[in-house]
Amino acid sequence: MQKGPNAGEAIAAEYARLKAKGTREALELFIERHPDDPLAEKARQEIERLYGKD
């Protein structure tokens, strides 16, 4: 499935919204929804920074 021209903006907005929640669950939800997006790696790094490796 090809992403539309504003898909990147929508994904970035979703990342910002979920990150602002400040919970591990919100970041994990983003990763689950967009595992291959570059922001998923940022979410993974944020989880590691905040919660350490499990």
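At what angle do helix 1 and helix 2 pack, and how far apart are their axes? Before I answer, please keep in mind that this is a predicted model, in which local features need pLDDT of at least 70, side-chain atom pairs count only at pLDDT 80 or more, and totals for chains, interfaces and linings use all residues. Residues are numbered from 1 along each chain as its sequence is written, and side-chain values use heavy atoms, with hydrogens and water left out.

Helix 1 covers residues 7-21, and its 15 residues reach 21 Å from the first C-alpha to the last, close to the 21 Å expected at 1.5 Å a residue, where the expected span is 1.5 Å times one less than the number of residues. Just after helix 1 comes Gly22, with a positive phi of about 75°.

Which residues of helix 1 are buried? They are Ala7, Ile11, Glu14, Tyr15 and Leu18, where buried means under 20% relative accessible area, exposed over 50%, and partly exposed in between, with a 1.4 Å probe and protein chains only. Because they cover an arc of only 100° around the axis, they lie on the same side of helix 1, the arc being that of the directions from the helix axis to the C-beta atoms. On the other side of helix 1, Glu9 and Ala20 are exposed.

Leaving aside residues up to four places away in sequence, Glu14 touches Phe30, Arg33 and His34, contact meaning heavy atoms within 4.5 Å.

That brings me back to my opening question: helix 1 and helix 2 pack at an angle of about 155°, with their axes 8 Å apart. Axes here are lines fitted to C-alpha atoms, for helices over the stretch in contact, and angles run from 0 to 180 degrees between N-to-C directions. The two helices are therefore roughly antiparallel to each other, since angles over 145 degrees count as roughly antiparallel, under 35 as roughly parallel, 65 to 115 as roughly perpendicular and the rest as oblique.

Finally, in helix 2, Arg24, Ala26, Leu27, Phe30 and Ile31 are buried. These buried residues fall within an arc of 170° seen down the axis, so they line one face of helix 2, while Glu25 and Glu32 are exposed on the other side.

Definitions and conventions. Helices (H or I, at least four residues) and strands (E, at least two) are DSSP runs, numbered from the N terminus.
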